[in-house]
Amino acid sequence: MDDKIVFTYDVPADDFSRAGEASSDVKSKLKQLGTPPDAVRKVAIAMYEGEINMVIHANGGTITVEISPRQVRMVLRDRGPGIPDVDLAMQEGYSTAPDEIRNLGFGAGMGLPNMKKYTDEMHIETELGVGTTITMTVNL
Amino acid sequence: MDKFYHSVHLEPDLCKGCINCIKRCPTQAIRVRDGKARINARFCIDCGECIRVCPHHAKQAVYDKIDVLKQYEYTVALPAPSLYSQFNSLDDVEIVLNALLYLGFDDVYEVSAGAELVSEATRRYLTEHEENLPAISTACPTVVRLIRVKFPNLIPNLLPLNPPVEVAARLALMRAMEKSGLPREKIGIVFISPCPAKYTYTKMPLGTAKSEVDCVLAIKDVYQLLLPYMKVVGQDREELALSGKIGISWGRSGGEASGLFTDNYLAADGIENVIRVLEDMEDQKFTQLKFVELNACNGGCVGGVLTVENPYVAEAKLQRLRKYMPVSKSHIEGAQGSVVPWDAQVEFEPVFHLGNNMMQSLTRLNQVERLCKRLPGLDCGSCGAPTCKALAEDIVRGDRSEKDCIYFLRDSLHKLSDEVAALVLGWGADDKRDRESVRILKEYMQRISDEMALLDRGKP
């Protein structure tokens, strides 16, 4: 009996056209599992924001998603520059995205705040020059 | 009637069991079994793609034939705006409407007139229900069915208004009962439709308990019957038109949205594009939009499978036809407003779940993942499923087995024949064959022949 399932995704660096593929795949799997629609929406939004952040700021990385009947746990791990001031980064509207990214309609400074808003638990581990690991949980 | 009723029918004699339709179906509802393409009614959303793509015309739309008119004492034609776009150099819709009377209808009520009332009610809805914006158009029955099975989070965004054909049917019926004095059952309300999804709608509507449309004719059938009558419509024609630019524009993608007097809208057409927009809406990638117009067919209703003209040419003709029309002719008056809102809610139908509960679904999803690693990943369609993943899902649901994959079968045959070879090559020329060796050999031969038979299965 499998009481959970784990998926791992590589998020490629610098390929903006592929950003969002991982979260979209997780969404379709959650739907097949019969996860409550509201939880599907929360996971899809939070993971999409995280995935986009990894592409914009951190040269990609890996995402591990663990789904059990109780919760969906997402671990987003990158080897990017790290976040110098987490409290500042968590403020709505604060963004360090470069202009070319803003021109694409991203970089509104809502990524991290949305990730927190749509998940039941969020934990950020970051070290300058080493990378960032964000763990998010949505309860089912 | 079954809530998963659909209006696509397979003509088994014409079906060759090829993979065209299974590959094109946007909800992966079709499988080839025993050489014939079968539709899973629970997955089908009536988009008509299989009808469009089938090179053998084995997938056919279900609709009524013109002789249904004989069943009624009084009939009213409801022409879809896309009907007008089928004719060359038509400059006055009255020619089409009068020709419908010559064809045998007692009255004509334009669907575009109903559309203008829906536009008016939508404008009001958008200002009064900001909490449910963006509102998603519910005029295309395929889009509503798609959301019902795949996008439960977007059900609250559905515009809770009847489609123009239903509004027109109800108003036409009131007028017919008044004019004729006949009881309901003797009056036939007949829609002239660009697509079979509307037939499904009239039999099994979403958003209302019962449709007042009695029959659905295909534009492609009526088109040919109308041509001779259109030539004889003279200057003494009756004035039957009840709609202007707004109503007529509903026939093409973007037309419905253009009648809402807002720039904050999105209009997408073609089923694949519709799905992409809905996925993004679910992830809240659009903000500040008020209205989302979605049409399953390319170009909108002019692209329906029951039309004759190329949808883009049809769109251009519609554009020309509406040029000198007033903005609109029909407005909600008195009690008319009551026929516009929905009287039933749309419920989520979780047909795509892998199991009966989350635990079973988790187990099955794990099995699917493992199977996908073993299947060749070529998505060749030879097994009758559109992709290797779809086959894996069918296997875990218990509908299929691994041996339906010809690559799997090929490997298995290779292995068996290698084992036979090893057995037989070990025999010396003068060895006495012991019973046990002969028994094993026979068993291998039987298995090879059984698996060869599997390869033949499904051949016509």
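Mentor: We will go from one chain to the interface, then to single residues.

Mentor: First, the ground rules: this is a predicted model, in which local features need pLDDT of at least 70, side-chain atom pairs count only at pLDDT 80 or more, and totals for chains, interfaces and linings use all residues. Residues are numbered from 1 along each chain as its sequence is written, chains are lettered from A and ligands numbered from 1 in the order in which they are written, and side-chain values use heavy atoms, with hydrogens and water left out.

Trainee: How many helices and strands does chain B have?

Mentor: Helices (H or I, at least four residues) and strands (E, at least two) are DSSP runs, numbered from the N terminus. Chain B has 17 helices and 11 strands. Its C-alpha trace spans about 105 × 50 × 40 Å along the principal axes.

Trainee: What percentage of the residues in chain B are buried?

Mentor: Buried means under 20% relative accessible area, exposed over 50%, and partly exposed in between, using a 1.4 Å probe and protein chains only. Of the 460 residues in chain B, 56% are buried. For contacts, the rule is heavy atoms within 4.5 Å. Among the contacts in chain B with a separation of 6 or more, 78% are between residues 24 or more positions apart.

Trainee: Now the interface. How much area do chain B and chain A bury between them?

Mentor: The size of an interface is often given as the accessible area lost when the parts come together. Buried area here is the accessible area (1.4 Å probe) that two parts lose on being put together, summed over both. Chain B and chain A bury about 2300 Å², with 58% of it on carbon and sulfur atoms. On the chain B side, Met358(B), Leu362(B) and Leu365(B) lose the most area to chain A, together 25% of what that side buries. The contact takes 24 residues from each of the two chains, chain B and chain A.

Trainee: How many salt bridges and polar contacts cross it?

Mentor: A salt bridge is a side-chain nitrogen of Lys or Arg within 4 Å of a carboxyl oxygen of Asp or Glu. The rule finds five across the interface of chain B and chain A. In one of these bridges, Lys27(A) meets Asp283(B) at 3.0 Å, N to O. A polar contact is a pair of N or O atoms within 3.5 Å; within protein, one must be able to donate a hydrogen and the other to accept it, and residues adjacent in sequence count only if both atoms are side-chain atoms. There are 11 residue pairs in polar contact across the interface, both residues at pLDDT 80 or more.

Trainee: Which helix of chain B gives the largest share of the side that touches chain A?

Mentor: Helix 12 (271-282), helix 14 (358-374) and helix 15 (388-396) of chain B each supply at least two residues of that side. The largest share, nine residues, comes from helix 14.

Trainee: Can we look at one residue at the interface?

Mentor: Take Ser68(A), in the loop between strand 2 (61-67) and strand 3 (71-78) of chain A. Ser68(A) counts as buried because its relative accessibility is 12%. Leaving aside neighbours within four places in sequence, Ser68(A) is in contact with Asp3(A), Lys4(A), Leu140(A), Met358(B) and Leu362(B).

Trainee: And within chain B, where is Leu173(B)?

Mentor: Leu173(B) sits in helix 7 (residues 164-180) of chain B. With 8% relative accessibility, Leu173(B) is buried. Beyond its neighbours within four places in sequence, Leu173(B) is in contact with Arg184(B), Ile187(B), Ile189(B) and Glu212(B). Helix 7 of chain B also holds Glu166(B) and Arg170(B), four residues apart, about one turn of the helix. Glu166(B) and Arg170(B) form a salt bridge, with the closest N and O atoms 2.9 Å apart, and both are buried.
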